[in-house]
Amino acid sequence: MLKRLAQLELAICFALLAGITGLVFTAAVLRFFGHPLIWSVDMAQLLFIWLCFFGSNKAMREKSHLGMEVLVSRLGYQRRFWLEVVCSIVILAFLAVLAVEGWKLTLLNHERTFGDSSISYSWVTVAVPVGCVLLGATLVYNMVRAFRGRQQELLIYNRTQAEIDASAPTLEL
């Protein structure tokens, strides 16, 4: 089930990126010929915010966010694990605040139109609470996996060598 959701998320990311690329390219070509697409930049920005949150969730699930490990890599597994748990709790609280405030902002922007289009600006602002809920759910999932895999010394944010090997692309003929 989770694998299917990950595939769906990847397909959404590809579609959003293709949409952004297509819109920007089309707008540039039409502008060159003197017929600018006024709404294309606004639509590309709308798609971009959604792409950022879906891509961020994918990176969180795969434990591939950028991180600074200079100091924490020197800690033993137990200390590093509990430091990641504390950081996760702080991040979950921050995501909860963002989700609540993002929802309030979405309700406030329901009547407002987005740029030169007739689309409600709430389509932009609702990406924040939706993205925060997705990120929070993924972080909780990573935390549960790390707690269950403490014998294998699994971490919340960092992949073990076994996880890296399992996620490496293979050439299947």
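Buried means under 20% relative accessible area, exposed means over 50%, and partly exposed lies in between (1.4 Å probe, protein chains only). Keep those cut-offs at hand for the whole tour.

This is a predicted model, in which local features need pLDDT of at least 70 and side-chain atom pairs count only at pLDDT 80 or more, while totals for chains, interfaces and linings use all residues. Residues are numbered from 1 along each chain as its sequence is written, and side-chain values use heavy atoms, with hydrogens and water left out.

**Stop 1: Leu98**

Select Leu98, in helix H3. Helices here are DSSP runs of H or I with at least four residues, numbered from the N terminus. Leu98 counts as partly exposed because its relative accessibility is 30%. Show its contacts, meaning heavy atoms within 4.5 Å. Leaving aside neighbours within four places in sequence, Leu98 touches Val128 and Cys132. Leu98 and Phe25 are 73 residues apart in sequence, and their C-alpha atoms are 33 Å apart in space.

**Stop 2: along H3**

Select residues 77–108, which make up helix H3. H3 has 32 residues and reaches 46 Å from its first C-alpha to its last. That is close to the 46 Å expected at 1.5 Å a residue, where the expected span is 1.5 Å times one less than the number of residues.

Colour the buried residues of H3: Tyr77, Arg80, Phe81, Glu84, Val85, Ser88, Leu95, Ala99, Gly102 and Thr106. Their cover includes helix H4 (122–125) and H5.

Zoom in on Ser88. It counts as buried because its relative accessibility is 0%. Which residues is Ser88 in contact with, leaving aside its neighbours within four places in sequence? They are Leu139, Met143, Ile156 and Tyr157.

Stay in H3 and pick Glu101 and Lys104. Their side chains meet in a salt bridge, at 3.3 Å from N to O. The term means a side-chain nitrogen of Lys or Arg within 4 Å of a carboxyl oxygen of Asp or Glu. The two residues are 3 apart in helix H3, so about one helical turn separates them. Glu101 is partly exposed, at 43% relative accessible area. Lys104 is partly exposed too, at 44%.

**Stop 3: H1 and its partner**

Move to helix H1, residues 2–32. Its 31 residues should span 45 Å at 1.5 Å a residue, and its end C-alpha atoms are 45 Å apart, which agrees. After H1 comes Gly34, with a positive phi near 90°.

Select Glu9, Cys13, Leu16, Ile20, Leu23 and Ala27, which are buried in H1. What do the buried residues of H1 pack against? Helix H2 (40–61) is the answer. Leu16 gives a local view: beyond residues up to four places away in sequence, it touches Leu47, Trp50, Leu51 and Phe54.

**Stop 4: charged pairs**

The salt bridge count comes to 3. Take Arg61 and Glu9, whose side chains meet at 1.8 Å, N to O. This pair links distant parts of the chain, with Arg61 in helix H2 and Glu9 in helix H1, 52 residues apart. Arg61 is buried because its relative accessible area is 16%. Glu9 also counts as buried, at 8% relative accessibility.

Next, pick Glu62 and Lys58. They form a salt bridge whose closest N and O atoms are 2.4 Å apart. Glu62 is partly exposed, with a relative accessible area of 33%.

**Stop 5: the core**

A nonpolar core is a set of buried Ala, Val, Leu, Ile, Met, Phe, Trp, Tyr and Cys residues joined through side-chain atoms within 4.5 Å. The largest one here has 29 residues. Select Leu16, Leu46, Trp50, Phe81 and Ile156, which have the most contacts inside it. The elements that give two or more residues to this core are H1, H2, H3 and H5. H2 gives the most, with 9 residues.

**Stop 6: back to the surface**

Finish with Leu2, Leu5, Leu8 and Tyr141. They form a nonpolar surface patch with about 360 Å² of accessible area together. Such a patch joins nonpolar side chains (Val, Leu, Ile, Met, Phe, Trp, Tyr) within 5 Å, like charges being joined within 9 Å, from residues with over 30% relative accessible area and no salt bridge. Areas come from the Shrake-Rupley method with a 1.4 Å probe, and for residues only the protein chains shown count as cover.

Helix H1 supplies the largest share of the patch, 3 residues. Tyr141 sits in helix H5 (residues 127–148). Tyr141 counts as partly exposed, at 35% relative accessibility.
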